[in-house]
Amino acid sequence: MTAATTVKTKYEAIIGLETHCQLSTNTKIFSNSSTAFGADPNTNIDPVCMGLPGVLPVLNEKVLEYAVKAGLALNCQIAKYSKFDRKQYFYPDLPKNYQISQYDLPIAEHGWLEIELVDAEGEPIRKRIGVTRLHMEEDAGKLVHAGSDRLSGSSYSLVDYNRAGVPLVEIVSEPDLRSGEEAAEYAQELRRIMRYLGVSDGNMQEGSLRCDVNISVRPVGQQKFGVKVEIKNMNSFNAIQRAIDYEIERQIAAIEAGEPIIQETRLWEEGAQRTISMRVKEGSSDYRYFPEPDLAPIEVSESQLAQWRGELPELPAQKRHRYETDLGLSAYDTRVLTEDRTVADYFEGVIVAGGNPKAAANWITQDIAAYLNKQKLSITEIALTPANLAEVINRIESGKISNAQAKQKLPDLLSGISPEQAFAGQELITDPSVLEPIIDEAIAANPKELEKYRNGNTKLKGFFVGQVLKKTDKRADPQLTNELVEKKLNS
């Protein structure tokens, strides 16, 4: 163990995430402006989101529905009574100079989600991460800095208010995370849940999912938390992991050198692979919260809560558990199949149509996934229906066609040709009386290889099997062909 490793093991990291998820509503949280991404700057705006005098906000009911469903999926307690607050924040991207958010009475609290990692032996490790709260709020606009990716170093800045008033839920985790790997997996599982619910697309590149990390380090065994540092500007799960790992090492090195850790906000510099100081961190008192006077308190009835709870889909963790226990799939297969709800729905469609679960998993996670990646398509865009894939699997298992034949015809199947058309006249030859003359012909045509085989080079059996498959256009039953070739070569 190196000296650096010894120093590192003396400390533990305490990590919590604040995650902003943009809700997939058609209109903004308090007005009727569109939330569509990619519109020309300052075209999806209105007097409400711009904070013009004399206008009043009205809560979008779909935002409340989505927020409650997200809270239920995260095992939170849903507040029967909650309210909105004004968060004072003077910055050019907030035209009102305050943000409507929730402070002391959020819509949901005291939840959890489970993350799953893999140990050195490939076995799953499960850990429950607490969720402190989930609250609704409006987004701010977007500043575009000319000549730099941040204010410092730019020649001027432009502001686009299209995003102002877009509905968000902020989800705050408990400080239960201990590494960059755990934090990245937590963020990914959170995105899976939001996507399964259909409440957010979770697209980090478009800003639909944004994570701020709070991190401190302390000596192992110490109960008191260290000084907390916030990290922003991470646009991928990989960046979250790398930023945290860097910051852990930076803080440990500072402590070992006797340097103080200050409470501040830092930025992740992707190019330099480091965090840099942005500003001294504000406290909640700096925001001067007070109840929003223009919005009535929120009350969720028991009947409404029961209805929304009943509309929840089966969530990713539940699917993973069911696929492993009921279908006997590996942890790897279940993870790939449940990453996207459309893939899981396709897989289950194959099962319903009578396809073998393990075979279906192999086709979807390997051959079909490779095709989708190459063509940059989603599984909803292919013409091969779940029922037709089940038919292909059943033809293979019944011995009508070989796996090699199915792979050869996969492009045709994906383009919409039915199994009946694709495999017309392609049934496997399973009659020994038909195969034996073809095998005799292949052996007679290759006397040198036969001699080498009988002199001990038994690997040449595969050569003769290949000759038979070639002569039959791969229609020879592979298992039967292997048996007959071996028998004749040794006779």
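Q: What space lies in the largest cavity?
A: About 30 Å³ of space lies in the largest cavity, a volume being the space filled by probe spheres set on grid points joined across faces, edges and corners. The model is predicted: local features need pLDDT of at least 70, side-chain atom pairs count only at pLDDT 80 or more, and totals for chains, interfaces and linings use all residues. Residues are numbered from 1 along each chain as its sequence is written, and side-chain values use heavy atoms, with hydrogens and water left out.

Q: Which residues line the largest cavity?
A: A cavity is a set of points, on a 1 Å grid over the protein atoms alone, where a 1.4 Å probe fits but cannot get out, and lining residues have an atom within 4 Å of a point. The lining here consists of Cys49, Leu94, Pro95, Lys96, Tyr98, Glu138, Asp139, Ala164 and Gly165.

Q: What makes residues of this lining nonpolar, polar or charged?
A: Ala, Val, Leu, Ile, Met, Phe, Trp, Tyr, Cys and Pro count as nonpolar, Asp, Glu, Lys and Arg as charged, and the others, Gly among them, as polar. The lining of the largest cavity therefore divides into five nonpolar, one polar and three charged residues.

Q: Which helix supplies the largest share of the lining of the second largest pocket?
A: The largest share, five residues, comes from α9, a helix being a DSSP run (H or I, at least four residues) numbered from the N terminus. The helices α3 (180-197), α8 (341-352) and α9 (357-375) each supply at least two residues. This pocket has a volume of about 380 Å³, and a pocket is an open set of points with protein on both sides within 12 Å along at least five of seven lines.

Q: Why does Glu185 count as buried?
A: Buried means under 20% relative accessible area, exposed over 50%, and partly exposed in between (1.4 Å probe, protein chains only). Glu185 has 5% relative accessibility, so this residue counts as buried. Glu185 is found in helix α3.

Q: What makes Glu449 partly exposed?
A: Glu449 has 23% relative accessibility and therefore counts as partly exposed. Glu449 lies in helix α14 (residues 447-454).

Q: Which residues does Glu449 touch, not counting residues up to four places away in sequence?
A: Contact means heavy atoms within 4.5 Å. On this basis Glu449 touches Leu460, Phe463 and Phe464. Glu449 and Ile252, by comparison, are 197 residues apart in sequence and 67 Å apart in space, C-alpha to C-alpha.
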